[in-house]
Amino acid sequence: MVEVNACIGGEGNGGVMLPDVHIGRDSLVATVLIVAAMSEFDGTMARLKASLPQWQIVKLKAPLEGLSPDAVLDSIKNEWTSGDGEASGCTVNDLDGVRIDTKEWWVHLRKSNTEPIVRVIGEAASKEKAMEVCTRFMQRIQGK
């Protein structure tokens, strides 16, 4: 966060980091941010949540079995930065693994520093679509 001068950080488990306070996960900071959002919203917390995009998340692990995670991620990044076919109109970010964003879904591919795997995390409007996207990238990572 310090290196990229991030204004806020978060983790899939709900952890929130606010560098203006400190860069560690902090549940009190998360609570204060929710209270601040509620103070600017005319309605209940349930209505505030309903007003936000309702995407579903899927988290999978792709075993590498002798594959180079860097080579696999570079290959996928190159495919999706080509601008051809489905890659047209998507955004690719490689600051921390490879993240691909489309209007219908996003997926984040990140090698583990502790296990011989690539974490495949994706979101879409439905759990089924998120699973489809993540499974597709799992198969691509494993060369299937």
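Biologist: Which helices each supply at least two residues of the lining of the second largest pocket?

Modeller: A pocket is best read through the elements around it. This model is predicted. Here helix H1 (27-39) and helix H2 (45-51) each give at least two lining residues. H2 gives the most, with 3 residues. The lining consists of Ile34, Ala37, Met45, Leu48, Lys49, Leu52 and Pro53. The volume is about 290 Å³.

Biologist: What volume does the largest pocket have, and how many residues line it?

Modeller: Its volume is about 1,400 Å³. The lining counts 28 residues, and Gly9, Gly10, Glu11, Gly12 and Asp96 lie nearest the centre. The elements that give two or more residues to this lining are strands S1 (9-10), S2 (16-17), S3 (56-63), S5 (98-101), S6 (105-111) and S7 (117-124). By class, the lining divides into 12 nonpolar, 8 polar and 8 charged residues.

Biologist: How many helices and strands does the chain have?

Modeller: Read the order as well as the count. The chain has 4 helices and 7 strands. From the N terminus, the order is β-β-α-α-β-α-β-β-β-β-α. The C-alpha atoms fill a box of roughly 50 × 30 × 25 Å along the principal axes. Of the 144 residues, 26% count as buried.

Biologist: Let us turn to single residues. Is Asp26 buried or exposed?

Modeller: Asp26 is buried, yet has no salt bridge. The nearest side chain of opposite charge is Arg25, 10.0 Å away. Asp26 sits in the loop between S2 and H1. A polar atom of the Asp26 side chain lies 3.1 Å from the backbone nitrogen of Val29.

Biologist: Why does His108 count as buried?

Modeller: Compare the relative accessible area with the cut-off. Buried means under 20%. His108 counts as buried because its relative accessible area is 18%. His108 is in strand S6. A polar atom of the His108 side chain lies 2.5 Å from the backbone oxygen of Asp96.

Biologist: How many salt bridges does a search of the whole structure find?

Modeller: The search finds 7. For each pair, read the distance, then the positions in the chain. Asp70 and Lys111 meet at 2.9 Å, N to O. This pair links distant parts of the chain, with Asp70 in helix H3 (residues 69-81) and Lys111 in strand S6, 41 residues apart. Asp70 is partly exposed at 40% relative accessibility, and Lys111 is partly exposed at 29%.

Biologist: Where do Glu132 and Lys129 lie?

Modeller: Both lie in helix H4 (residues 127-141), 3 residues apart, about one turn of the helix. Glu132 is partly exposed, with a relative accessible area of 49%. Lys129 is partly exposed too, at 29%.

Biologist: Which residue forms a salt bridge with Arg119?

Modeller: Glu115 does, with the closest N and O atoms 3.0 Å apart. Arg119 is partly exposed at 27% relative accessible area, and Glu115 is partly exposed at 33%.

Note on methods
Residues numbered from 1 in each chain as written. Predicted model: local features only at pLDDT ≥ 70, side-chain atom pairs only at ≥ 80, totals over all residues. Heavy atoms only, no water. 1 Å grid on protein atoms, 1.4 Å probe; cavity = no way out; pocket = protein on both sides within 12 Å on 5 of 7 lines; lining within 4 Å. Points joined across faces, edges and corners; volume = space filled by probe spheres on them. Nonpolar A, V, L, I, M, F, W, Y, C, P; charged D, E, K, R; others polar. Buried < 20%, exposed > 50% of the residue type's maximum accessible area, 1.4 Å probe, protein only. Lys, Arg positive; Asp, Glu negative; His and termini not counted. Salt bridge = Lys/Arg side-chain N within 4 Å of Asp/Glu carboxyl O. Polar contact = N/O pair within 3.5 Å; in protein donor to acceptor, adjacent residues only side chain to side chain.
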